[in-house]
Amino acid sequence: MKKTYKIEVDCANCALKMEEATKKVEGVADATVSFMTQKMKVEFKEGADENAVMQAVLKACKKVESDCEIFL
Amino acid sequence: MTKKQKKVLYRIIVAAILLVAVNLIPVSGYWKAILFLIPYLVIGYDILRKAVLGIIHGEVFDENFLMAVATVGAMILGEYSEGVAVMLFYQIGELFQAVAVGKSRRNITALMDIRPDYANVEDADGDLEQVDPDDVEIGSIIVVRPGEKVPIDGVVAEGSSTLNTSALTGESVPREVGCGDDIISGCININGLLKIRTTKEFEESTVSKILELVENSSMKKSCCENFITKFARYYTPAVCYSALALAILPPVINLLLGNPANWSTWVIRALTFLVISCPCALVISIPLSFFGGIGGASACGILVKGSNYLEALAQTKYVVFDKTGTLTKGVFQVVRIEASEEFKETCKVEKEKVTTEDATEEAVAEPANSELLLEKTMQQLLRYAAHAESFSNHPISKSLREAYGKDIDNTRVTDIEEISGHGVKAKVDGVLVAAGNAKLMQKLGLNYAEDTGIGTVVHVAVDGVYAGYILIADVEKETAAQAVAALKVAGVKKTVMLTGDSKQVAEHVAESLGVDEVHSELLPADKVERVEQLLAQKSKKEMLAFVGDGINDAPVLSRADIGIAMGALGSDAAIEAADIVLMDDNPEKIALAMRISRKCLRIVYQNIVFALGVKGLCLILGALGIANMWVAIFADVGVMVLAVLNAIRCLKVDK
């Protein structure tokens, strides 16, 4: 199960950090963040609750980059 | 500029003015520190906030932290101007980066400006209504006026027009469409009004597929990008600890040796070290280069599915081609007509009859007589053959009719008799015509000419006399030979052609195109095997690209390091299977794609070497105390600006 989200992030390094942080969230199988297209692609683990996972992802990303935004 | 960026710009201007003003006020001691705090906080409050938040969240080593520590340190040590200036230039650099990246992103999207904004749907009263393309159902009739984009794939139901496909293929030659033709979204309607019956939803239409592909391309990261990600992970902490060591170790050693400690000197050097160390230049410029390269390529009708493929393309040393549809047109064409002496005689006699009847007109055409006569004879031969085969749907018959070019009058053909495996006999204008292979001629007991050419020969007998033959073959694409030569120039070691065709045909084509190696009479499974053999032979660093039409060679496309599908306009299967998609069927685009990838990689390496080199040098100079804070600012912001400017060059493609 893969989904793409629009994001807002100001610097390339921050995007990298968001990617790292998202990958560590429970229920996320894999994630890529593209600074260029301002998009985040998240692959969920089998049976994971998307909404709950994405809330956790948002929280994790805010932690590493307080200015970022994910449009869920 | 966005609102956010404008705000930063104002802050930069205000802080710069304040910095100059504060420098002019003659105060000292605490007052000076307090005065300088004003521009410092104006320009740096958000950085300080982020640095604090970072520490709270356990994300210590980031550039905000570096900047905060460096500038706060400078302020404490009384280097007020430097402290504020570092923050100021850091913000200028960040702003520049944001603007440059935003601009190139817009440029790239403009190159791929094929997204239709609306579709015109005709309602019951015949009025047009503009709707979102997403809301159009399959089978609806949409109207595309001149100048508008075709929003959804479909079939022309009414009208005819010329289409501009340049946004999709990079080719400027317009395409003609009429009633019943398939039409692909993303084309621009040039002149006529078209009514189109949609055959797909917007989501499934060509235009959506292409946009999705390009937008997702930056998700597949190249080795260079992964390298930088890993590099940044170790680099920043490493620099921070080095700076700490630089601030503490030398003074402690000095103390132990009984010398004065010189704390402030070493702390300032350590702070300089921190400013230099920011990895931004690399982190931003490399994905930007790849993104630019992919954008530039898509403007030429070359869709690259990921930075990793763009990277691999630059290292391509082996290119394997499928023959039919890739190097050749994949359609049969008449390449030669050879009339027998007897038939030429007959035509001459007929001609002379005409001449006596209409002497004046013939006199004018006298100079080119013999050539003209030959031309007419050949046309006559083709006419007989085309008519005789007019009821057949075989590709050979079709190509005969196409070469004849004029309408076939079926009423003139009677008594058709197909002789399976031999050919056809029919009466054309009452004259018995036999057209077929050598066996047919043998059966009729006629002497026929042998042809040495490559292809299928159709022998023709008229009125029981051997009249000559027509050679039909799959012709090479005009650009195929140049394409193969261009690949060699681009550094490809070996070109290989795989085909299911006969050995004779394959070798002939390979020779005339200059392909190095050829394997013929292969079944689709054999092609995979051959590619695997080639893959096993080459070294790991050398990449193998397979080029096919994407329709029946999907397994090979996916097996090769890089699968390139050609002529993919409108073929979903090809777009799915390949790593690189050429929207038109010009094989020269392969070399162009390689040139684009080379240029892109060159820029990436330039940036890596340049950024790491300058930073490394400044780090050493900073540690030795030769480089001051100002040099450090250049090493950070200056390098980043130059690297971004260099990266933007990727967008421009020299055709």
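Q: Into which domains is chain B divided?
A: This is a predicted model. Chain B has domain 1 (1-111), domain 2 (119-148 + 152-204), domain 3 (315-329 + 478-596) and domain 4 (330-475). The bounds come from an automatic or database domain assignment. Between the centres of domain 1 of chain B and domain 2 of chain B, taken over C-alpha atoms, lie 52 Å.

Q: What makes β1 and β3 of chain A paired strands?
A: Pairing needs at least two bridges found by DSSP. Strand β1 (residues 2-8) of chain A and strand β3 (residues 39-44) of chain A are joined by five bridges. Therefore they count as paired. They run antiparallel, and Tyr5(A) stands opposite Met40(A) in β3(A).

Q: How do you know that strand β2 (residues 28-34) of chain A pairs with β3(A)?
A: The cut-off is at least two bridges, and these strands have six. So they pair, in the antiparallel sense. Val28(A) faces Phe44(A) in β3(A). Four residues lie between the strands of this hairpin, where Gln38(A) takes a positive phi near 55°.

Q: Which residues have the most contacts inside the largest nonpolar core?
A: They are Val86(B), Phe273(B), Val320(B), Phe546(B), Ile564(B) and Ile580(B), in a core of 173 residues. Helix α21 (residues 588-624) of chain B gives the largest share, 14 residues. Apart from this core lies another, of 34 residues, with Phe343(B), Cys347(B), Ala435(B) and Val458(B) among them. In soluble globular proteins, nonpolar side chains tend to be buried together.

Q: What is Ile580(B) in contact with, leaving aside its neighbours within four places in sequence?
A: A contact needs C-beta atoms within 7 Å. The partners of Ile580(B) include Ile302(B), Leu303(B), Val304(B), Tyr309(B), Ile564(B) and Ala593(B). Lys305(B) is another one of them.

Q: What makes up the side of chain A that touches chain B?
A: The contact takes 14 residues from chain A and 19 residues from chain B. On the chain A side, α1 (12-24), β2, β3 and α2 (50-64) each give two or more residues. α1(A) gives the most, three residues. By type, that side has five nonpolar, five polar and four charged residues.

Q: Where in chain B does pLDDT stay under 50?
A: Over residues 358-367, for which the model has two contacts beyond four places in sequence. Where pLDDT is low, the predicted coordinates should not be read in detail. The mean pLDDT of chain B is 82, with 93% of its residues at 70 or more. For the complex, the predictor gives an ipTM of 0.74 and a pTM of 0.75.

Note on methods. Residues numbered from 1 in each chain as written. Chains lettered and ligands numbered in written order. Predicted model: local features only at pLDDT ≥ 70, side-chain atom pairs only at ≥ 80, totals over all residues. Core = buried A, V, L, I, M, F, W, Y, C linked by C-beta atoms within 7 Å. Buried ≥ 20, exposed ≤ 12 C-beta atoms within 10 Å, placed from the backbone. pLDDT = per-residue confidence, 0-100. Nonpolar A, V, L, I, M, F, W, Y, C, P; charged D, E, K, R; others polar.
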